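Biologist: Could you take me through this model before I start working with it? I'd like the overall picture and then some local details.

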Amino acid sequence: MTRKPVVAVFDYGSGNVHSAVKALVEAGADARLTSDRGLLLDADGLLVPGVGAFAAVMGALNDSRGGEIIDRRLAGGRPVLGICVGMQVMFERGIERGTDTTGLGEWPGTVGELEAPVLPHMGWNTVSAGEGSRLFHGIENERFYFVHSYAAQEWSLEVTPPFPQPSVTWCTYGSPFIAAVENGALSATQFHPEKSGEAGIRLLSNWIDGLRTTTV
């Protein structure tokens, strides 16, 4: 029997971690909620959850040396998936209620408040899947569940050959914002796959299928 890819769900004190573990198991992973550094580094995939304020999530990640763990994984081409604020912190900065916080800086750009008449953006919305997306394969026209008032609203990373171009997925609520990014080993979604029903499970399954290609 083929071994299920091991996905470490980073338990650093933020995020709806138990529902994420359950969804990953349903999607076909051997999911383990952990703060063990060895497992976080060596697992086939790492999921970085995040709920709440950008500054609080960054503080908890810094206390757990999360940035170092993510950097080391990405340097070795080992997949990482960020969810919600776990996606936002991948950018350089987050500005929330006047507080300017330094992010992990994996991608250039600033996370700021959505330009919409009603906040938060809460509920189901469609997305425009990026060209060549693997995450959205077979679910390009599905809806996903969002709960947020802040997002990255510009994409400025310049990638030159032979490196592949990132796949950037957009959503509109008041104005366009980035709903997901697939950039080499680093992927992230602004919405919650674990709250997005069958479509969310399919997306996680697509990501897990990508782990199988890197699993020995």
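Modeller: What follows goes from the whole chain to single residues. This is a predicted model, in which local features need pLDDT of at least 70 and side-chain atom pairs count only at pLDDT 80 or more, while totals for chains, interfaces and linings use all residues. Residues are numbered from 1 along each chain as its sequence is written, and side-chain values use heavy atoms, with hydrogens and water left out.

Biologist: How many helices and strands does the chain have?

Modeller: The chain has six helices and 13 strands, where helices (H or I, at least four residues) and strands (E, at least two) are DSSP runs numbered from the N terminus.

Biologist: And what about the radius of gyration?

Modeller: It is 16 Å for the chain, which agrees with the value near 17 Å that a compact globule of 216 residues would have; the radius is taken over C-alpha atoms, and the globule rule is 2.2 Å times the number of residues to the power 0.38. Along the principal axes, the C-alpha atoms fill a box of roughly 50 × 40 × 40 Å.

Biologist: What share of the residues is buried?

Modeller: Buried residues are 52% of the 216 in the chain, with buried meaning under 20% relative accessible area, exposed over 50% and partly exposed in between (1.4 Å probe, protein chains only). Of the contacts with a separation of 6 or more, 71% are between residues 24 or more positions apart, a contact being heavy atoms within 4.5 Å.

Biologist: Switching to cysteines, how many disulfides are there?

Modeller: The count is zero disulfides, taking a disulfide as a pair of cysteine sulfur atoms within 2.5 Å.

Biologist: What is the backbone like at cysteine 84?

Modeller: Cysteine 84, which is found in the loop between β4 (80-83) and α5, has a positive phi of about 55 degrees although it is not a glycine. As background, most residues other than glycine have a negative phi, and most peptide bonds are trans.

Biologist: Which other residue has a positive phi although it is not a glycine?

Modeller: Arginine 65 has a positive phi, again of about 55 degrees. Arginine 65 is found in the loop between α3 (54-63) and α4 (66-75), and it is partly exposed, with a relative accessible area of 46%. From C-alpha to C-alpha, arginine 65 and tyrosine 12 are 9.4 Å apart in space, although 53 residues apart in sequence.

Biologist: What touches serine 149, apart from its sequence neighbours?

Modeller: Leaving aside neighbours within four places in sequence, serine 149 is in contact with Gly112, Glu113, Leu114, Leu119 and Pro120. Serine 149 lies in the loop between β9 (143-148) and β10 and counts as buried at 19% relative accessibility. Its C-alpha atom is separated by 5.8 Å from that of glutamate 113, 36 residues apart along the chain.

Biologist: And glutamine 88, which residues does it touch?

Modeller: Not counting residues up to four places away in sequence, glutamine 88 touches Phe54, Glu96, Val111, Tyr150, Ala151 and Gln190. Glutamine 88 is found in helix α5 (residues 85-88) and counts as buried at 3% relative accessibility.

Biologist: Last one: where is serine 19?

Modeller: Serine 19 is in helix α1 (residues 17-26) and counts as partly exposed at 21% relative accessibility.
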